[in-house]
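Open the model in your viewer and keep the sequence panel beside it. The stops below say what to select next and what is there.

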Amino acid sequence: MSVSNNKDQTAAQVLKQLFGFEAFRANQQEIIEAILARQDAFVVMPTGGGKSLCYQLPAYMMKGTCMVISPLISLMKDQVDAARAIGLRAAYLNSSLSGVQQADVLSRLTTNRLDLIYVSPERFAMDSFLCALDQIDLCFTAVDEAHCISEWGHDFRPDYLHLSTLVKQFPDVPVTAFTATATQRVQQDIIQRLGLRRPHMVRASFNRPNLYYRVAPKENPEQQILSFIKEHGNEAGIVYRTTRKSVESTTRQLVARGIKARPYHAGLSAERRSENQEAFNRDEVDVIVATIAFGMGIDKSNVRFVLHADLPKNIESYYQETGRAGRDGEPAVCLLLFGRGDIPKIRHFIDQIEDLHERQHAINCLNEMAGYASRNICRRRQLLHYFGETYTPKNCETCDICTDEAEQEDATRDAQIVMSAIARTGERFGITHIVDVIAGANTERIRQLGHDRIKTYGAGKDHDKRHWRRIVDNLLAHELIVQTDEQYPTLRLGEHSSDVLYGRKPFFVLRQKEIRPTPGKRAEEFEYNQELFEALRGLRKRLADEEGVPPFVVFSDRTLHEMACEMPIDQAGLLHISGVGAVKCERYGSLFAESITQFRESHPEVMPGVVKHVEPGAPKASKKRVVKGERLETTWNLFEQGIPLTDIAKQRGRTLGTIVSHLERLAADGKSISFDIDQYVSTEKRLRIEELFATHGVERLAPVVAAGGEGITYDDARLVRLWMNKT
Ligand code: ADP
Ligand code: ZN
């Protein structure tokens, strides 16, 4: 039915009308074009890169139905809800549905009433489902989280192996595969196992510009976690911990301090886990404290921070876990608490790997991770380097190294003290003893060994032991000293230690100024009103609960931020906001417009701002921010020239309501505003509105509009009020 209409539209038109977005993100357009040209495609794109749009949009445009293979039943409902919310005809088939519900979906599928059908790989293997597929017009298949087919991947799912029959069973149907997993080994494996036929290959950059990366020394993790979260108000975030025990204890601590937090780990029952995840999804709890078991099942787009309280075992995991922050493209913070004490704990597990080659690989990965945390190199550059990307800008502006949050401190003398203590005690002792010697501790062992008589004994009395451990950590990270692999590891001098020991080279360590949450960057900076944002967030939550969907399915944080900046008061204004497509505008528009109107009436001093729609990856527009004065002035200039208000609105790409609000502001500033009200409002209506203002007072528009019934809009009332003031 709508099929022919869809085909008449260009992809860009569908992007705007259906999704409410102004521009494609990097790579989206070429992927969509390849799919429309019925080519296989293989796409690697980071989390939050916008993969789902790449198959949803062509599924809408093409004749027939797109089959999406998705690994987790728990995610399917949210994905389908989100697709439906924008007006796509989508459904899922899995065992969570009753027999009747399944029959209903199948009947919609076989009568060509679906753009998208989401199924699990097990479902695809069922004969009954294959039978149904045979009857329908399958336009293409999208394999989501395609790395699940690879045994090298971290989420291998044997069920995905069924998918290798896709190409044989449906030779004429293009197959597309999407993943956020970056390693070459996994990529090759996916392509081969799915049997993709000369696929259109896209490997997007792994840079996540909206994420801010920082590392802080791990000192008192519980306290550090608490103060970090406190500074984040009631934003949503994930705290990763390594063990179930620490997950439980951190959660208890947070809850005791009034933070809405829940645990998530493999030791909890499946019901508890999904209950906690669901509560997080629905913005009912702010913080999930989790082991790495928490991840795949999360699609929540408004995670504003990810805090690793323990060292991850490799950069790949760290990247994937931090990647769960800021999927909506809004700024988010990733904090790692780093203490070298975590290393032996991970080593303990690595040492149990039997395969020698794999074990060495794991050790190298761990060293890389520790290096990331201690090197004085832009964190972003290091992460991207790991994925084989060269990050060229000198300063990323969104990591602690680049923003001078981490200060360089000359620690040459301290390094020499440590190395000298190691050398003078014969390179036979571990960290604790060396630090004791430096600090001049009065222990039995030191006296027995005669270490109280060496030159460096007590040379570091002026600092506490924590300081010396930090110096040791840094020396290890720079391989100036090394730790042996024995059961009781000892410290030795590294190959290049003499450079620093004899003063030929200086030695610097990083010192964090203080933990403060620093947001990442938006594609374009803009300011929004926090109070209005909170109000809109409340409205979003209410609507989401009514409809039984997570709040981010209604609107993303990004969308609410834009609303809280531009403050549109009608549907036309709302359609300017990123993420407001035709269907959502129709469904939710009036409620959001009303809420914004109320806010503006009670806060006449707050002026709306302007958001420039620039997506990451789109050609960069100049960063000029439109200042308020300039905007008012433009409106004033046009108004003075006698240009009708509706034309000013058109010329400026704003709504009439916005222009009138500019004029109200100008009037309040003492400008004389006079115009011909008859051009905009009929005499009859005007008289009625004047009367209503007389009854209800002129402070607020809402009572007048409410009492006026259908015929009187906010624009009408606003215009009349403006006109009344000046006549
Ligand atoms: P992925 O599946 O790659 O992790 P999603 O498909 O969930 O990413 O998209 C992440 C977010 O980006 C979603 O909120 C989505 O609506 C938004 N998004 C996708 N494409 C665009 C675009 N062209 N413009 C603006 N926002 C977009
Ligand atoms: Zn940086």
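Two strands count as paired if DSSP finds at least two bridges between them. Helices (H or I, at least four residues) and strands (E, at least two) are DSSP runs, numbered from the N terminus. This is a predicted model, in which local features need pLDDT of at least 70, side-chain atom pairs count only at pLDDT 80 or more, and totals for chains, interfaces and linings use all residues. Residues are numbered from 1 along each chain as its sequence is written, chains are lettered from A and ligands numbered from 1 in the order in which they are written, and side-chain values use heavy atoms, with hydrogens and water left out.

**Stop 1: the six-stranded sheet**

Select β8 to β13. These strands form an open sheet with parallel pairing, in the order β8-β13-β12-β9-β11-β10. At its edges are β8 (211-217) and β10 (261-264), each of which pairs on one side only. From one strand to the next the twist averages 15°; angles run from 0 to 180 degrees between N-to-C directions, and axes are lines fitted to C-alpha atoms, for helices over the stretch in contact.

Now pick out β9 (residues 237-240) and β12 (residues 305-308), which run parallel and are joined by four bridges. V239 has L307 in β12 as its bridge partner.

Helix α12 (residues 244-256) lies across β10 and β11 (287-290), at about 170° to β10. Helix α13 (residues 270-281) lies across β9, β10 and β11, and runs at about 140° to β10. Contact here means heavy atoms within 4.5 Å.

**Stop 2: the seven-stranded sheet**

Select β1 to β7. This open sheet also has parallel pairing, and its order is β3-β4-β2-β5-β6-β1-β7. Because β3 (90-93) and β7 (200-203) stand at the edges with a single partner strand each, one side of each is left without a neighbour in the sheet. Direction ignored, neighbouring strands are turned by 15° against each other on average.

Four bridges pair β3 with β4 (residues 116-119) in the parallel sense. Find Y92, whose bridge partner in β4 is Y118. Helix α5 (residues 73-85) packs on the sheet and touches β3 and β4, with its direction at about 165° to that of β3. Show helix α10 (residues 184-194) next: α10 lies across β1 (41-44), β5 (138-143), β6 (175-179) and β7, at about 155° to β1.

**Stop 3: the zinc ion**

Which protein atoms are the donors of the zinc ion (ligand 2)? They are the SG atoms of C378, C396, C399 and C402, lying 2.3 to 2.4 Å from the ion. Donors are N, O and S atoms within 2.8 Å of the metal (3.2 Å for Na, K and Ca); water is not among the atoms, so sites may look incomplete. Along the chain the donors of this zinc ion follow the spacing C-x17-C-x2-C-x2-C. C378 is in the loop between α16 (356-374) and α17 (379-386), while C396, 18 residues apart from it, is in the loop between α17 and β14 (406-410).

**Stop 4: two crossing helices**

Select α31 (residues 683-696) and α33 (residues 714-725), whose axes come within 10 Å and cross at roughly 75°. The two helices α31 and α33 are therefore roughly perpendicular to each other (65 to 115 degrees). Show side chains: K685, R686, I689, E690 and F693 in α31 meet D716, A717, V720, R721, W723 and M724 in α33.

Notes:
Angles under 35 degrees count as roughly parallel, over 145 as roughly antiparallel, 65 to 115 as roughly perpendicular and the rest as oblique.
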